[in-house]
Amino acid sequence: MNIRNIAIVAHIDHGKSTLADRLIEKYGDISSRNMKEQILDSMDLERERGITIKAQTVSLNSTYMGDTFNINIIDTPGHVDFSYEVSRSLSACDGVMLLVDATQGLEAQTIAHFNMARDLNLIIIPVINKIDLPSADVEAVKKDLSELLDINQNEILSVSAKSGLGVEDLMERIIIDIPEPKGQISKELKAFIIDSWFDNYLGVVSLVRVVKGKIKKGDNIEIFSRKEKHSVDKIGVFTPKIKDLDELCSGQVGFICASIKEIRGAPVGDTIIKANSDTPRLEGFREVNPQVYAALFPQSADDFEAFREALEKLCLNDASLQYEPEHSEALGAGFRCGFLGTLHMEIISERLNREYGMNLIATAPTVAYEVITTDQEVRRVENPSALPETSKIKTILEPIARANILVPDTYIGSVMKLCNDRRGKQINMRYVGGQVELSYDMPLSEIVVDFFDRLKSVSKGYASLDYILDRYEESDVIKLDVLLNGDKVDALAYMAHRTVANLKGKQFTE
């Protein structure tokens, strides 16, 4: 079977979803009547903001030199908060389309995705998009891309995702360049869970790539980390409409339903094996850990039960959201939630408001610290009010992120000053095309609050950011309590470095 599995990766707003639209229009099983913009972005919120939040997949068919090829395309998010979605998608592919906007050029996420694809030894097809816009500088972007990838400029494709120009050449290139998936049908079943979501009629739907063997209707399967057994009752692919199949073979990407009742029963990144077999798990599985924490409280105490139900339902569609009950003297009962980043927090709050009618109060976002107590116990502190007494603390370890910033050299001075003001330590600086890539080690707490907005402001919108949690290190961090009429309000407490605590306290109270 001629199969090609490829992901579209790019910085946010470089046209991934629009390019997916053109490919679906030409090679997908959909009538022009049902075609709409950003068809793979299933949430209204994704359409309004013009961003992809969840990785989506579509199975297309194309003919080349008399043979039919099955092309599975995964459209991935571009924002740094959702880079875990991208890493999962790439591990289910054999190649990537690296998309660069001809008007914006290389940005931080472009380089981050390129490095991720290169580390996984994937074939990279470089594509320049939006070539028909008056402000497009195709030659300059081609030069930068060829330097980054160390290839000839002639190998870079140019397309317009809006008009469909160059899409046929791109499809031909996918068929020629991307290798067929390895893996034998005769082997024991191993399938990788790319994503899981909850459907009111089908229960948990898992998007999978079959790495070895095959999976058929009626098969008894096991989710590796859960050791729970299930029977497969529905199999298929998205074309982009649902198309039922009897089986998925090695190399194919599709969905399965196996009457799993809760999303935690099919963790994203886990391995599906035949029931009662001792097949080892596929490598690369890791639990997704939240980076940012905030407490959410309903404005009316009567809404608490409805809020709990809304969070439970939302968790079925977003496995990266974590929450636990929290009680505040001032704000009543609520939940402390863990998010992938501040955009993720914004999206969840917005969805709770729109889809479930919840009016919420959110505390300031904080990060998780590690505390070593005087009796050598290591505690993870996600909530400032859970900090042990000062006399019991030996050291506090602060999360440090490795931030990569791409900026035109005109703005280097102001970006460096911003990073230094945020307690950043410069690690590296190199020229990439006509821009400079700066690497800094910076406390995660300094990045998550308003660093991105300040960065955009000091660079007139030109700088782009990518960051990843690197390590924990000892730091002089203290808890800042806020008093209201002389009484401590636990929900308003937050952690700050001793050198800026006074300043932050003043700014906050003002």
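Mentor: Start with a definition. A charge sits over a ring if NZ of Lys or CZ of Arg is within 6 Å of the ring centre and within 35 degrees of the ring normal. Keep in mind that this is a predicted model.

Trainee: What makes K227 lie over the face of F224?

Mentor: The value is 3.8 Å from the ring centre of F224. The limit is 6 Å, so the distance passes. K26 lies over the face of Y27 as well, at 5.9 Å from the ring centre.

Trainee: How many aromatic pairs are there in the whole structure?

Mentor: A search finds four. One of them is F304 with F335.

Trainee: Why is the pair of F304 and F335 called stacked?

Mentor: Two values describe a ring pair: the distance of the centres and the angle of the planes. For F304 and F335 the centres are 5.2 Å apart and the planes 5 degrees apart. Pairing needs centres within 6.5 Å, and stacking needs planes under 30 degrees apart. Both values pass, so the pair is stacked.

Trainee: What makes this pair a link between distant parts of the chain?

Mentor: F304 is in helix α7, residues 304-317. F335 is in strand β19, residues 332-339.

Trainee: Why is the pair of F307 and F335 called edge-to-face?

Mentor: Their planes stand at 75 degrees, with the centres 5.5 Å apart. F304, F307, Y323 and F335 form one aromatic cluster.

Trainee: Which residues touch the most other members of the largest nonpolar core?

Mentor: L90, V96, L106, I128, L145 and I194 do, in a core of 35 residues. Helix α5 gives the most to this core, with five residues.

Trainee: What is I194 in contact with, leaving aside neighbours within four places in sequence?

Mentor: The partners include I74, L207, V253 and V268. Contact means heavy atoms within 4.5 Å, so these residues meet that limit. Another core lies apart from the largest one. That other core has 33 residues, among them I396, V407, I412 and M416.

How values were computed
Residues numbered from 1 in each chain as written. Predicted model: local features only at pLDDT ≥ 70, side-chain atom pairs only at ≥ 80, totals over all residues. Heavy atoms only, no water. Phe/Tyr/Trp six-rings, centres within 6.5 Å; stacked < 30°, edge-to-face > 60°. Helix = DSSP H or I, 4+ residues; strand = E, 2+ residues; numbered from the N terminus. Core = buried A, V, L, I, M, F, W, Y, C linked by side-chain atoms within 4.5 Å. Buried < 20%, exposed > 50% of the residue type's maximum accessible area, 1.4 Å probe, protein only.
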